[in-house]
Amino acid sequence: MTTAATDPARSSAHARSSPAAGARATDRARRERRLGWALTAPALAVMLLVTAYPMLDALWLSLFSYRLTDPGGREPVGLRNYAVVLADPLWWEDVRTTVVIVLLTVPVELVLGMALATLMHGIARGRGVVRTALLVPYGIVTVVSAFAWRSAFSDDTGFVNGWLGLGDLAWFGHRWTSLGVICASEIWKTTPFTSLLLLAGLAQVPDELREAAQMDGASAWQRLWRVTLPSMRRTLLVAILFRTLDAYRVFDSIFVMTAGAQRTESVSFLAYRQMIGRTALGLGAAVSILLFLSVLSIALLLVRAFRIELVQARGA
Amino acid sequence: MRRGGRGAGWTVGAVLAVGWALLPVAWILSLSLKAGDDVQNRRFLPTAWTLESYRVVFRSALFTSALRNSIGVSLIATTISVALATLAAYAIVRLEFRGKRLVLGMALSVAMFPVISIVGPLFDVWRSVGLYDTWPGLVIPFLSFTLPLSIWVLAAFLRQLPWELEEAALMDGATRWQAFRRVVVPLAAPGVFTAAILTFLFAWNDFVFGISLTSTDRARTVPAALAFFTGASEFQHPAAAIAAAAVVATVPVVLLVLLFQRRIVAGLTSGAVKG
């Protein structure tokens with residue numbers, strides 16, 4: 001729960017490099033440093049090769065008017081691609097759609113995940129069964145999950161309208177119903193992970209704390225908000241951070257369920273459609289850079305907000 | 001209070017949770033067993049069961065090659081990713097050098113990275129260097145996006161090992177490499193295994209690279225093939241065949257998950273709670 005756990009390496013290494021003879025110690029430190037770099041270099045190189053290099057390439061491409069179908073017509077256009085994207089109402093609509101999906105899925109995942117974690121933590125019998133069942137959606141391929149939900153709701157193969165007595169409602173014929181099914185599928189697929197994460201956090205909260213609160217007459221609701229949730233703050237923040245960034249990058253489900261029809265296109269989908277679908281690499285690269293910048297700013301904002309939170313929590 | 005949940009409310013909650021988790025899976029299973037007109041009967045269960053859709057799927061060259069590609073690419077990516085991650089995690093946990101923050105920071109950034117952003121440039125580069133529509137063309141991006149997970153899981157695991165044993169081996173005159181191979185590797189095996197399972201699940205789930213960097217059955221993976229699968233003929237509704245393919249794609253991961261659930265849960269949550 002503390003940051004000390006992040007630095008065990010430092011403590012162990014310090015313990016070993018005892019103040020022995022000066023020259024030998026620095027020699028050993030140098031060898032250790034070299035070995036450290038040698039062991040991490042391959043992993044670092046692979047990660048850089050496939051993220052940093054293409055990202056710089058995207059930055060470069062975004063300054064050109066460049067279509068794969070017309071390589072000869074490639075010409076530098078400065079920042080015009082960005083101007084084109086930012087002036088296009090479609091970009092802003094896709095941003096809004098993506099934000100709506102984040103706002104509809106992440107809070108539900110957290111509440112449902114917490115409920116499932118509480119269930120698994122508290123139940124006397126059947127915990128293993130619940131956990132096993134929840135691991136199934138976690139393991140399933142996102143495309144399969146999206147297909148299952150699409151075929152369950154679609155008006156030619158689906159059973160959902162029959163079960164709910166909705167007649168011939170065309171779920172994928174309207175924007176909000178389509179978004180609803182997309183979000184439901186995302187929630188189903190990702191809540192199990194959230195709940196397992198929160199369960200691990202919940203297990204770290206000492207039972208005595210809650211028992212003491214109960215003795216003092218706190219209701220179950222008060223215990224949850226005043227004792228349990230504050231004690232697992234760190235886990236909650238990690239869950240929020242990762243789920244928000246993940247939800248903002250939503251792509252697979254939309255591809256399978258609507259292919260962006262009924263104005264359900266996300267920012268990721270727009271970038272994909274420009275680059276791979278229309279082979280407009282220049283314009284697509286500009287969308288990619290903007291997507292990258294939005295993810296980066298969300299990450300920085302959340303990390304910053306959480307740091308303040310954590311500092312306050314420690315101070316209190 | 002921990003073991004207190006025995007009332008009817010808890011049981012109802014557990015039944016609801018299990019039902020919610022399994023209903024969509026039961027649905028594709030049921031859909032995959034439907035025959036002919038049943039596909040569009042808009043009921044949950046088929047009126048007659050048939051394995052015809054599975055026959056269609058396994059006769060389809062597109063799907064069988066996709067299955068081969070998915071298994072091959074995921075296994076290769078998992079093996080290399082876990083090997084590289086083991087070395088990196090060992091260095092992060094055991095050695096004192098400045099680069100370790102860089103590696104951890106890099107891993108975190110890659111984990112948050114919007115994959116779509118690099119698909120265009122990769123597509124462009126892969127086409128010019130001949131990696132487009134090949135196994136290595138998928139293995140390389142899989143590697144870089146599974147490395148963060150493997151590094152985190154392994155570093156969290158290695159931190160808990162009894163390192164005195166390695167110290168003792170070094171004292172007794174073993175070289176670092178000998179100590180690593182004879183002492184550290186056997187101790188770390190369960191963590192390596194956990195990282196391998198999680199990495200495999202991650203690679204198996206990939207869709208973005210699968211559709212962007214492949215075009216034929218040379219390298220197209222199962223999730224990508226599923227999205228483009230249209231069934232045996234245009235006169236048949238493709239839903240049942242797609243469902244059968246989806247079930248086939250799901251069986252290996254569900255087996256993995258069920259067999260190794262303790263490890264998976266421990267591995268998934270190790271970094272987040274303590275890290």
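Colleague: Quick one to start: in which helix of chain B is B:Leu187 found?

Modeller: B:Leu187 is in helix H8 of chain B, residues 176–205. Helices here are DSSP runs of H or I with at least four residues, strands are E runs of at least two, and both are numbered from the N terminus. Before we go on, this is a predicted model, where local features need pLDDT of at least 70, side-chain atom pairs count only at pLDDT 80 or more, and totals for chains, interfaces and linings use all residues. Residues are numbered from 1 along each chain as its sequence is written, chains are lettered from A and ligands numbered from 1 in the order in which they are written, and side-chain values use heavy atoms, with hydrogens and water left out.

Colleague: Thanks! Is B:Leu187 buried, partly exposed or exposed?

Modeller: Partly exposed, with a relative accessible area of 29%. The cut-offs are under 20% for buried, over 50% for exposed and partly exposed in between, using a 1.4 Å probe and protein chains only.

Colleague: And what does B:Leu187 touch?

Modeller: Leaving out residues up to four places away in sequence, B:Leu187 touches B:Phe157, B:Leu161, B:Pro162 and B:Leu165. Contact means heavy atoms within 4.5 Å.

Colleague: Let's zoom out. How many helices and strands are in chain B?

Modeller: Chain B has 12 helices and zero strands. Its C-alpha trace spans about 75 × 65 × 30 Å along the principal axes, and 55% of its 275 residues count as buried. For contacts in chain B between residues at least 6 apart in sequence, 72% join residues at least 24 apart.

Colleague: Which residues have the most contacts inside the largest nonpolar core?

Modeller: A:Phe251, B:Phe209 and B:Ile264, in a core of 186 residues. A nonpolar core is a set of buried Ala, Val, Leu, Ile, Met, Phe, Trp, Tyr and Cys residues joined through side-chain atoms within 4.5 Å. Not counting residues up to four places away in sequence, B:Phe209 touches several residues, among them B:Val115, B:Leu138, B:Phe142 and B:Phe145.

Colleague: Now the interface. How many residues of chain A are in contact with chain B?

Modeller: 112 residues of chain A, in contact with 104 residues of chain B. The two chains bury about 9,500 Å² between them, 72% of it on carbon and sulfur atoms. Buried area is the accessible area (1.4 Å probe) that two parts lose on being put together, summed over both.

Colleague: What about salt bridges between the two chains, how many are there?

Modeller: One. B:Arg42 pairs with A:Asp168, and their closest N and O atoms are 3.2 Å apart. A salt bridge is a side-chain nitrogen of Lys or Arg within 4 Å of a carboxyl oxygen of Asp or Glu. On the side of chain A that touches chain B, the largest share, 23 residues, comes from helix H2 of chain A, residues 22–61.

Colleague: How many salt bridges does the structure hold over all chains?

Modeller: 14. One of these joins A:Glu109 and A:Arg243 at 2.6 Å, N to O. A:Glu109 sits in helix H4 (residues 89–122) of chain A and A:Arg243 in helix H11 (residues 233–248) of chain A, so the pair ties together parts that are 134 residues apart in sequence.

Colleague: Are those two side chains buried or exposed?

Modeller: A:Glu109 counts as buried at 0% relative accessibility, and A:Arg243 counts as buried at 5%.

Colleague: Over in chain B, which residue does B:Arg94 form a salt bridge with?

Modeller: B:Glu166, with the closest N and O atoms 2.9 Å apart. B:Arg94 lies in helix H3 of chain B and B:Glu166 in helix H7 (residues 164–171) of chain B, so that pair ties together parts 72 residues apart in sequence. B:Arg94 also meets B:Glu167 in a salt bridge at 2.8 Å, N to O. B:Arg94 is buried at 3% relative accessibility and B:Glu166 is buried at 1%, whereas B:Glu167 is partly exposed at 24%.

Colleague: Last topic, backbone. What is the phi of A:Ala259?

Modeller: About 55 degrees, a positive value although A:Ala259 is not a glycine. Most residues other than glycine have a negative phi. A:Ala259 is in the loop between helix H12 (252–257) and helix H13 (267–277) of chain A. A:Arg263 is in the loop between H12 and H13 of chain A too, with a positive phi near 50 degrees.
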